Amino acid sequence: MSTIVRRLTPTECELLQGFPKGWTDIGEYEDTKGKFRQTSDSARYKAVGNSIELPYWEHLARKICSQYERPMTMGSLFDGISGFCLAFKKAGAEPLWTSEIEEFPIAVCKRHFGDEETGEPGDLYKYLG
């Protein structure tokens with residue numbers, strides 16, 4: 001009798017972390033050097049694995065936002081796939097900037113939050129419902 005162990009898919013990993021389905025499935029993207037690349041499962045696994053667990057941070061963001069008497073803004077350094085920005089946006093804060101150094105997470109951030117350099121808007125509206 002043989003035992004087969006099934007590996008989680010990148011989408012299942014996203015959902016376990018609390019990200020919307022397909023958050024890292026961005027298809028072809030342009031890196032910072034202008035080269036076009038295809039999204040790989042290994043890049044998606046790495047990005048989700050290096051990210052945060054959203055439900056906890058959404059809860060904490062709501063608690064922080066409730067303490068302010070004015071709309072809250074935030075910036076995030078080395079945010080990976082924009083987990084902190086997504087959590088704080090869902091809590092009512094306005095993310096002003098995010099920073100990352102790896103190519104794939106940069107592309108994920110730009111896809112969802114827009115690209116300030118080109119003026120292209122992101123598709124975050126699809127995930128905020």
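**Exercise 1. The setting of His112**

Determine in which helix His112 lies, and decide whether His112 counts as buried or exposed.

Solution. Step 1: in this predicted model, His112 belongs to helix H5, which spans residues 103-113. Step 2: the relative accessibility of His112 is 2%. Buried means under 20%, so His112 counts as buried. Step 3: when neighbours within four places in sequence are left aside, His112 is in contact with Trp23, Ile26, Gly122, Asp123, Leu124 and Tyr127.

**Exercise 2. Salt bridges and the accessibility of their partners**

State how many salt bridges the structure holds, then classify the partners of the Glu12 pair, the Asp31 pair and the Lys110 pair.

Solution. Step 1: the structure holds ten salt bridges.

Step 1: Arg6 and Glu12 form a salt bridge with their closest N and O atoms 3.1 Å apart. Arg6 has a relative accessible area of 57% and is therefore exposed, whereas Glu12, at 26%, counts as partly exposed.

Step 2: Asp31 pairs with Arg37, and the closest N and O atoms are 2.9 Å apart. Asp31 is buried because its relative accessible area is 6%; Arg37, with 33%, is partly exposed.

Step 3: in the salt bridge between Lys110 and Asp115, the closest N and O atoms are 3.7 Å apart. Lys110 is partly exposed at 31% relative accessibility, while Asp115 counts as buried at 15%.

Conventions
Residues are numbered from 1 along each chain as its sequence is written. This is a predicted model: local features need pLDDT of at least 70, side-chain atom pairs count only at pLDDT 80 or more; totals for chains, interfaces and linings use all residues. Side-chain values use heavy atoms; hydrogens and water are left out. Helices (H or I, at least four residues) and strands (E, at least two) are DSSP runs, numbered from the N terminus. Buried means under 20% relative accessible area, exposed over 50%, partly exposed in between (1.4 Å probe, protein chains only). Contact means heavy atoms within 4.5 Å. A salt bridge is a side-chain nitrogen of Lys or Arg within 4 Å of a carboxyl oxygen of Asp or Glu.
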